Amino acid sequence: MALFFVNSFMTLSVLGFYTGYFFRKVDITKHQIANLVGIGSNLIAAVYLLCIKYLLGGISEFQIYPTAPDFIIHTHRFFAAISLVLMLVMGFTGWKRNRNLHVKLHYIFLPLYTIVYISGLFLFQSKPL
């Protein structure tokens, strides 16, 4: 159930980011709302994952099991952390109306976040009790 929760919120964040990207030139209000949904749902999933990993006994206690060797899992987590920082910087630059940096960052953020999202779907599985 924990993996379903994480994957659901990560899916919502991807949908929010790409919806926001679609509305970037059409309607700035929809762009902002969609990206806030993306950022919020990503932060909910990320904080939940960090809590179960480091505060509540590990992800295996919540029936989340990696399907790849440790170095691949660590690589995934490394790029997920970079993606998280980029997301926060993009949110900040959008909020501060620093358009030049905001626009340049989306060329890096969207592909990286998409790769991290898709790899996360394949790198972890949930086993029933």
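Where is the place of I64? I64 sits in strand β1, which covers residues 64-66. Keep in mind that this is a predicted model. I64 is buried, because its relative accessible area is 2%, and the cut-off for buried is under 20%. Take Q125: along the chain, I64 and Q125 are 61 residues apart, yet their C-alpha atoms are 5.8 Å apart in space.

Now for the helices. Two packed helices are described by the angle between their axes and the distance between those axes. Start with helix α1 (residues 2-22) and helix α2 (residues 28-54), which pack at an angle of about 155 degrees with axes 7 Å apart. Angles over 145 degrees count as roughly antiparallel, and α1 and α2 are therefore roughly antiparallel to each other. Their crossing is left-handed. Sort the residues of this contact by class and you get 16 nonpolar, nine polar and no charged.

Helix α1 has another partner to look at: helix α4 (residues 99-123). Here too the packing angle is about 155 degrees, with the axes 11 Å apart, which makes α1 roughly antiparallel to α4. The crossing of α1 past α4 is left-handed. On the α1 side, the contact is made by N7, M10, T11, S13, V14, F17, Y18 and Y21; α4 brings H106, F109, L110, Y113, T114, Y117 and L121. By class, the contact of α1 with α4 comes to 10 nonpolar, five polar and no charged residues.

How values were computed. Residues numbered from 1 in each chain as written. Predicted model: local features only at pLDDT ≥ 70, side-chain atom pairs only at ≥ 80, totals over all residues. Heavy atoms only, no water. Axes fitted to C-alpha atoms, helices over the stretch in contact; angles between N-to-C directions. Helix = DSSP H or I, 4+ residues; strand = E, 2+ residues; numbered from the N terminus. Parallel < 35°, antiparallel > 145°, perpendicular 65-115°, else oblique. Left-handed = near helix turned anticlockwise from the far one by under 90°. Nonpolar A, V, L, I, M, F, W, Y, C, P; charged D, E, K, R; others polar. Buried < 20%, exposed > 50% of the residue type's maximum accessible area, 1.4 Å probe, protein only. Contact = heavy atoms within 4.5 Å.
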